[in-house]
Amino acid sequence: MASAAPSTAAATRKSTTITTVITTTEREKRPRRVREAKPNYREESDTEGGTLEISDTVIKKKRPVKRREEVLLVGDIEDLDFRKDETLEIRASLLNWYDLNQRDLPWRRISGNCEGDGDIRAYAVWVSEVMLQQTRVQTVIGYFNRWMEKWPTLNHLAQATLEEVNEMWAGLGYYRRARFLLEGAKMIVEEGGGFPKSVCALRKVRGIGHYTAGAIASIAFKEAVPVVDGNVVRVIARLKAISANPKDVVTVKNFWKLAGQLVDPCRPGDFNQALMELGATLCTPSSPSCSSCPLSAQCHALSVSRQDRSVTVTDYPTKVVKAKQRCDFCAVSIVEILDGEDLIERPQSESKFLLVKRPDEGLLAGLWEFPSVPLDGEVDLATRRGAIDSLLKKSFNLDTKKSYNVVLREDVGEYVHVFTHIRLKMYIELLVLHLKGGKNNLHKEQDKESMVWKYVNNKSLANMGLTSGVRKAYNMVQKFKQSMFNPITAKQERNHRKET
């Protein structure tokens with residue numbers, strides 16, 4: 001019978017209720033205190049998740065026996081420990097598989113070849129784990145190699161500026177991770193330079209949480225502590241056929257407890273990496289390779305699915321409905337300022353682009369972008385331009401009547417940039433200006449209350465570490481300018497050449 005997700009009512013209880021199926025043979029191996037209930041229980045309800053409305057006891061459900069007697073267990077996740085023999089089997093099988101199948105990754109080469117220098121191992125693990133959060137392994141490899149080439153040690157990183165770090169990080173997203181890496185490196189160096197070696201000490205470093213501390217301590221310093229990420233939760237949920245909500249605070253705490261029971265005391269770092277590797281490569285969310293899995297013999301989810309065709313391994317853990325993304329809107333103005341008597345018809349002219357720095361706190365903190373203003377929904381072109389004009393006048397002393405002539409103002413298009421929790425629709429325009437009094441008309445002073453800004457030319461802008469959203473807006477403008485100066489498309493040009 002399938003394990004059911006906890007009902008809404010059950011989810012409010014202090015402990016997290018889960019269900020699993022065991023056979024008579026398994027029950028003999030794993031004795032539990034049970035009491036038989038009279039058959040006056042309620043059937044599966046129509047509530048969301050279709051859960052059984054019964055108490056936290058074991059009951060014997062009267063239904064036709066197919067092959068083997070089945071008993072439905074309803075217990076607390078706190079009670080589902082790994083048996084000693086089960087733990088030893090899982091450790092041996094998983095480490096054997098990992099030794100033969102682990103991926104060759106640059107951070108593993110560093111952590112494996114620096115036996116005498118724990119600080120270098122720890123630094124490599126730290127950088128890689130932070131980069132890997134919310135990012136695919138193949139994407140991280142190139143970033144990691146470039147990062148380590150520029151800042152090979154913690155001391156090198158501690159001397160970097162936030163702007164340098166952001167430029168190196170550009171394209172990875174979640175820029176707060178990069179800022180925490182820099183702040184953490186400065187903190188460690190300022191306090192003596194020695195890399196903290198235990199989870200307890202690592203947790204005191206800004207930006208290092210429970211997971212990252214466990215990864216560094218176990219891989220670099222061989223402390224027998226667990227790590228729990230989405231891959232580990234999925235593997236353990238299937239090993240134990242746990243259908244509890246994996247995002248629930250109590251459930252998460254117990255996944256950490258179960259992971260801690262499994263960690264190999266002799267090879268904690270390898271075991272933790274093996275568990276994550278298994279989830280990333282074989283025990284995947286939607287297409288697990290159960291026939292190739294080294295833990296298939298210990299997997300309760302696989303056992304349940306073989307007994308009941310209505311259940312699949314992918315039913316574990318419970319799918320959590322993602323929160324609906326918020327929809328935001330903004331107008332983005334790519335302001336290009338012409339020098340002297342330069343004309344827009346000369347696309348290679350030494351014009352400058354106006355960039356502003358985002359606040360040091362909040363979304364994309366401290367990063368550079370084009371001037372933009374938030375909008376109240378999808379507004380018309382006139383409203384968007386009015387909002388931009390107000391911003392330029394207030395923040396940069398750019399007044400249409402007094403300080404500049406508009407050489408070109410065109411609506412370039414729209415672009416939707418997706419964050420984890422926000423869908424940001426950007427209306428992008430190109431605004432080419434010729435300043436009447438030169439750049440001196442712009443505000444000279446940049447106090448704490450004013451917007452921090454700077455000029456950059458085409459070449460500098462192309463090489464800057466911009467976010468993917470800002471880069472997309474810039475590329476849209478460049479493409480628009482090319483089409484404006486070269487109205488013949490590439491296909492038309494090829495056809496024209498063939499005819500001539």
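**Confidence**

The mean pLDDT of the protein chain is 80, and 74% of the residues score at least 70. Residues 1-75 have a pLDDT below 50, and this stretch has 132 contacts in the model beyond near neighbours in sequence. Another stretch, residues 444-448, also stays under 50 in pLDDT, with four contacts beyond four places in sequence. Where pLDDT is low, the predicted coordinates should not be read in detail.

**The largest pocket**

The largest pocket has a volume of about 2,100 Å³. It is lined by 50 residues, and those closest to its centre are Q134, D229, G230, N231 and K247. Seen by element, two or more lining residues come from each of the helices α4 (106-113), α5 (118-132), α6 (137-150), α11 (210-221), α12 (230-239), α13 (249-262) and α14 (268-281). The lining is made up of 23 nonpolar, 16 polar and 11 charged residues.

**Helix α5**

One of the elements that line this pocket is α5. This helix has 15 residues and reaches 21 Å from its first C-alpha to its last, close to the 21 Å expected at 1.5 Å a residue. Just after the helix, Q134 takes a positive phi of about 65 degrees. Q134 is also among the residues closest to the centre of the largest pocket.

**Cavities**

The structure holds four cavities of 30 Å³ or more.

| Cavity | Volume | Lining by class |
|---|---|---|
| Largest | about 110 Å³ | 12 nonpolar, two polar, no charged residues |

Which residues lie nearest the centre of the largest cavity? They are C283, C290, C293, S296 and C299, out of 14 lining residues.

The second largest cavity is lined by A331, V332, L381, R384, R385, I388, D411, Y427, I428 and E429. The elements β3 (326-338), α16 (381-396) and β8 (422-435) each give two or more residues to this lining. The most comes from α16, with four residues.

**Y415 and L424**

Y415 lies in strand β7 (residues 404-418), and L424 lies in strand β8. The two residues touch each other. Leaving out residues up to four places away in sequence, Y415 also touches K425, M426, I428, G469, K472 and M476. Of these, M476 is 61 residues from Y415 in sequence, and their C-alpha atoms are 9.2 Å apart in space. I428, another contact of Y415, is one of the residues that line the second largest cavity.

Is L424 buried or exposed? Its relative accessible area is 16%, which is under the 20% cut-off, so L424 counts as buried. With residues up to four places away in sequence left out, L424 touches D328, F329, C330, Y415, V416, H417 and F419. D328 is 96 residues from L424 along the chain, yet their C-alpha atoms are separated by 4.7 Å.

Key
Residues are numbered from 1 along each chain as its sequence is written. This is a predicted model: local features need pLDDT of at least 70, side-chain atom pairs count only at pLDDT 80 or more; totals for chains, interfaces and linings use all residues. Side-chain values use heavy atoms; hydrogens and water are left out. On a 1 Å grid over the protein atoms alone, a cavity is a set of points where a 1.4 Å probe fits but cannot get out, and a pocket is an open set with protein on both sides within 12 Å along at least five of seven lines; lining residues have an atom within 4 Å of a point. Grid points are joined across faces, edges and corners, and a volume is the space filled by probe spheres set on the points. Ala, Val, Leu, Ile, Met, Phe, Trp, Tyr, Cys and Pro count as nonpolar, Asp, Glu, Lys and Arg as charged, and the others, Gly among them, as polar. Contact means heavy atoms within 4.5 Å. The expected span of a helix is 1.5 Å times one less than its number of residues. pLDDT is the predictor's confidence in each residue, from 0 to 100. Buried means under 20% relative accessible area, exposed over 50%, partly exposed in between (1.4 Å probe, protein chains only).
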